[in-house]
Amino acid sequence: MQFTQADILRFADWSRDRNPLHVDPVHARETHFGGTLAHGMLTVIETLAASVPRGPRAALDIEFRGAVVPGRSYDPDATVEGDTVRHTLRTGDTVVLTLL
């Protein structure tokens, strides 16, 4: 999966989260990230939608481990450990998001 700047801008409009780190490439370039980032909740929603198994959740334990940048490829995955479903989002060998 990839996030585009257009995806990020649509989410910013929908969520009303127009933090310059997400929507202003000039501002974002001046940060230590060096460019815009996807919203954390956008990455959560897309990871849950793209990984199997899916189903109702009463709660989520979210661990943001790294920045998600537009144009980079990410791989969503889900594993079942007993009664727990662990969703992860990776780029290469790096886990950027874990959901329990």
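Helices (H or I, at least four residues) and strands (E, at least two) are DSSP runs, numbered from the N terminus. I keep that definition at hand for every element below.

**Ground rules.** This is a predicted model, so I note that local features need pLDDT of at least 70, that side-chain atom pairs count only at pLDDT 80 or more, and that totals for chains, interfaces and linings use all residues. Residues are numbered from 1 along each chain as its sequence is written, and side-chain values use heavy atoms, with hydrogens and water left out.

**Entry: Thr 98.** I started in strand β4, where Thr 98 sits. Is Thr 98 buried or exposed? Thr 98 is buried, at 5% relative accessibility. The cut-offs are under 20% relative accessible area for buried, over 50% for exposed, and partly exposed in between (1.4 Å probe, protein chains only). Next I listed contacts, meaning heavy atoms within 4.5 Å. Neighbours within four places in sequence aside, Thr 98 touches Asp 61, Ile 62, Glu 63, Arg 65, Arg 86, His 87 and Thr 88. I also checked Glu 30: it is 68 residues from Thr 98 in sequence and 28 Å away in space, C-alpha to C-alpha.

**Entry: salt bridges.** I looked for a side-chain nitrogen of Lys or Arg within 4 Å of a carboxyl oxygen of Asp or Glu. That rule gives 4 salt bridges. Among them is Arg 65 with Glu 63, with closest N and O atoms 3.0 Å apart. Both partners are partly exposed: Arg 65 at 48% and Glu 63 at 39%. Another joins Arg 86 to Glu 81, at 3.6 Å. Here Arg 86 has a relative accessible area of 29%, and Glu 81 has 42%. I also found Asp 13 with Arg 18, at 3.7 Å from N to O. Arg 18 is partly exposed, at 44%.

**Entry: helices α1 and α4.** Two packed helices are described by the angle between their axes and the distance between the axes. The axes are lines fitted to C-alpha atoms, for helices over the stretch in contact, and angles run from 0 to 180 degrees between N-to-C directions. For α1 and α4 I read about 105°, with the axes 10 Å apart. The pair is therefore roughly perpendicular, a label for 65 to 115 degrees; under 35 is roughly parallel, over 145 roughly antiparallel, and the rest oblique. Asp 7, Ile 8 and Phe 11 of α1 make the contact with Met 41, Leu 42 and Ile 45 of α4.

Which residues of α4 (residues 40-50) are buried? They are Leu 42, Thr 43, Val 44 and Thr 47. Their cover includes α1, β1 (62-64), β2 (75-81), β3 (84-91) and β4 (94-99).

**Entry: a nonpolar patch.** I found Met 41 in a nonpolar surface patch with Trp 14, Ile 45 and Phe 64, about 470 Å² of accessible area together. Patch residues have over 30% relative accessible area and no salt bridge; like charges are joined within 9 Å, nonpolar side chains (Val, Leu, Ile, Met, Phe, Trp, Tyr) within 5 Å. The areas come from the Shrake-Rupley method with a 1.4 Å probe, and for residues only the protein chains shown count as cover.

**Entry: Ala 6 and Arg 16.** Ala 6 belongs to α1 (residues 5-15) and is partly exposed, at 40%. Arg 16 lies in the loop between α1 and α2 (20-23). I noted its phi near 65°, a positive value in a residue other than glycine. Arg 16 is exposed, at 66%.
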